[in-house]
Amino acid sequence: MAFAEYRPLDEKSLVEYIKAVPSLSSKLGDNIDGLTIKEVGDGNLNFVYIVIGSSGSFVIKQCPPQVERGARRQLSYTGSRHQKGTLAIVTPSTPATDSSQGGLGACRSRGQSIPRPWCNSFLPCYCEFEYVTWSPSVYLTNLCVFVTAKALPYIRCIGESWPMTKERAYFEAVALKEHGRWCPDNVPEVYHFDRTMSLIGMRYLEPPHIILRKGLIAGVEYPLLAEHISEYMAKTLFHASLLYRSTTEHKSAVAEFCGNVELCRLTEQVVFSDPYKVSQYNRWTSPHLDHDADAIRNDNALKAEIAELKSKFIERTQALIHGDLHTSSVMVTLESTQVIDPEFAFYGPMGFDVGAFMGNLILAYFSQDGHADGNNDRKKYKEWILRTIEDTWNLFHKKFIALWDKHKDGSGEAYLPAIYNNPELQHLVQKKYFEDLFHDTLGFGAAKMIRRIVGVAHVEDFESITDDTKRASCERRALELAKLLLKQRRKFHDIGEIVAAIRQIQ
Ligand code: ADP
Ligand code: SR1
Ligand code: MG
Ligand code: MG
């Protein structure tokens with residue numbers, strides 16, 4: 001063990017850490033001189049460092065320290081939405097003056113990051129920040145800065161009210177290894193895991209790999225995306241389910257992942273609860289979508305459906321799911337598709353993963369009109385997204401059934417060969433299984449779409465549309481489809497009907 005107890009690393013202390021860990025230093029050919037280390041974390045939760053040496057490279061992902069209770073930071077902003085102002089951080093003690101004491105990190109303004117070297121206590125900015133990470137030497141808390149279009153800004157802090165255990169790194173490492181075992185071509189290899197330090201060392205997905213969501217915003221077609229992601233979903237979900245495993249094996253794995261309860265609870269809140277009630281964390285494009293957000297909170301049929309899905313999310317231990325499979329958890333090139341960031345992994349319903357991916361593709365589709373310009377009306381690109389949605393589901397279905405057929409006489413205990421070993425019955429149960437999975441996919445996918453428009457965490461697909469009216473119009477159409485899918489999902493029987501429903505929304 002390199003360090004006896006947890007401490008958050010920075011670019012400097014990381015070098016010491018690497019020197020002390022043979023599984024990491026050997027990846028650099030044991031040559032530590034002249035390393036380039038860069039923090040690139042642009043997600044909502046963690047620090048990610050890219051480490052490049054003359055003979056190798058890797059990525060280090062580390063959870064920041066747990067929020068210290070009572071360590072609330074006060075943020076105040078002078079300026080108004082879209083205007084330049086000053087973001088002031090007021091600390092209980094003397095304001096930080098250098099990086100060793102802390103400062104602002106990972107500030108993002110509509111996708112643009114304000115890189116370190118660290119800012120000090122006062123940061124000139126446009127008030128579009130979503131997540132601000134305050135990182136003093138002792139502890140770190142995530143703060144969420146929200147400013148409405150109204151006269152006075154207001155700020156929401158996610159911190160002490162929202163503790164996040166560092167143990168999530170353990171579940172991420174186990175899920176990466178388990179999913180990597182079944183689908184090594186689409187999951188980065190884990191080189192090192194340190195539970196004390198909540199730290200994972202893994203393959204660096206080198207350029208031209210980029211986050212899929214960014215590629216979708218830029219209008220890039222990925223010809224192998226449906227093929228690869230369907231392969232990943234079919235292999236990981238099938239092999240970690242009772243179609244492949246014995247109940248003994250399954251229950252022990254389920255028990256272990258029950259430990260990831262805090263991350264599951266976060267999802268329960270931000271996906272299945274907050275968007276359907278008044279919550280301090282919710283936000284939306286206001287005033288444009290005020291009525292739409294209100295309508296969601298007053299839609300009894302929608303609330304009845306979301307309750308059913310929430311129960312299923314909590315109660316169903318169908319397979320080891322990724323748990324956060326949106327388009328920012330996938331890195332791509334034209335030839336490669338890699339799934340990262342399974343820190344929300346647990347044994348849950350398969351449709352939550354498939355729905356997350358498909359729902360995020362649908363969000364990307366509805367955001368395209370906001371990215372269209374005189375050079376590109378994005379019509380062709382929208383067609384590619386629709387084809388990808390259709391191909392992803394159809395290929396997933398085909399690959400999953402092929403795995404089931406191949407292993408039908410194996411140790412999976414859900415459908416015992418002694419009962420189901422006739423082709424007609426096998427076909428019948430598979431059809432039923434997929435009908436349910438399809439409806440789960442639609443329901444969870446729709447829930448994931450709604451939360452990204454009226455909940456706490458939004459997506460760059462829409463957030464990067466600077467014109468509020470244009471953005472609201474794209475978001476409203478996505479909401480319309482999501483509500484239809486959530487309420488009427490059982491009326492749909494194949495993916496072609498979903499594509500037709502998407503097309504109908506003008
Ligand atoms: P979070 O849990 O905070 O969302 P992620 O695992 O999504 O963290 O990583 C944040 C960012 O770091 C990603 O969006 C990506 O840009 C970069 N990243 C993460 N893992 C890798 C990797 N293995 N190779 C290259 N870049 C990575
Ligand atoms: C406060 S919600 C943060 C979100 O970011 C993660 O990627 C998950 O999607 C989570 O819901
Ligand atoms: Mg992420
Ligand atoms: Mg994450």
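Good morning. Trp182, Phe238, Tyr244, Trp393, Phe396, Phe400, Trp404, Tyr415, Tyr420, Tyr433, Phe434 and Phe438 form one aromatic cluster. Please bear in mind throughout that this is a predicted model.

Let me begin with the rings. The count of aromatic pairs comes to 29. One of them joins Phe238 and Phe400 in an edge-to-face arrangement, with 5.5 Å between the centres and 85° between the planes. Phe238 belongs to helix α5 and Phe400 to helix α11, residues 379-406, so this pair ties together parts that are 162 residues apart in sequence.

Trp393 is buried at 5% relative accessibility, and Phe396 is buried with a relative accessible area of 0%.

Helix α5 leads us to the sheets. This helix, residues 225-239, lies across β16 and β17 and runs at about 35° to β17. These strands are part of an open, antiparallel sheet of 3 strands in the order β14-β16-β17. Its edge strands are β14 (210-211) and β17 (337-339). Between β14 and β16, residues 330-332, there are 2 bridges, and Ile211 stands opposite Met331.

The other sheet is likewise open, with 5 strands paired antiparallel in the order β1-β2-β3-β13-β12. Here β1 (36-39) and β12 (190-194) form the edges, each pairing on one side only. On average, neighbouring strands are turned by 15° against each other, direction ignored. Strand β12 is joined to β13, residues 199-202, by 4 bridges, and Val190 stands opposite Met202 in β13.

I turn now to the metal site. Which residues supply the protein donors of the magnesium ion, ligand 4? They are Asp341, through two OD entries, and Glu343, through OE, at 1.9 to 2.3 Å from the ion. Asp341 also bridges this ion and the magnesium ion that is ligand 3, the two ions lying 3.6 Å apart. Both Asp341 and Glu343 are buried.

Finally, consider helix α7, residues 261-273. Its buried residues include Leu263, Leu266, Val270 and Phe272. The buried residues of α7 pack against several elements, among them α3 (168-182), β18 (346-348) and α13 (423-454).

Thank you for your attention.

Notes
Residues are numbered from 1 along each chain as its sequence is written. Chains are lettered from A and ligands numbered from 1 in the order in which they are written. This is a predicted model: local features need pLDDT of at least 70, side-chain atom pairs count only at pLDDT 80 or more; totals for chains, interfaces and linings use all residues. Side-chain values use heavy atoms; hydrogens and water are left out. Two strands pair if DSSP finds at least two bridges between them. Axes are lines fitted to C-alpha atoms, for helices over the stretch in contact, and angles run from 0 to 180 degrees between N-to-C directions. Contact means heavy atoms within 4.5 Å. Donors are N, O and S atoms within 2.8 Å of the metal (3.2 Å for Na, K and Ca); water is not among the atoms, so sites may look incomplete. Buried means under 20% relative accessible area, exposed over 50%, partly exposed in between (1.4 Å probe, protein chains only). Rings of Phe, Tyr and Trp (its six-membered ring) pair if their centres lie within 6.5 Å; planes under 30 degrees apart count as stacked, over 60 as edge-to-face and the rest as tilted.
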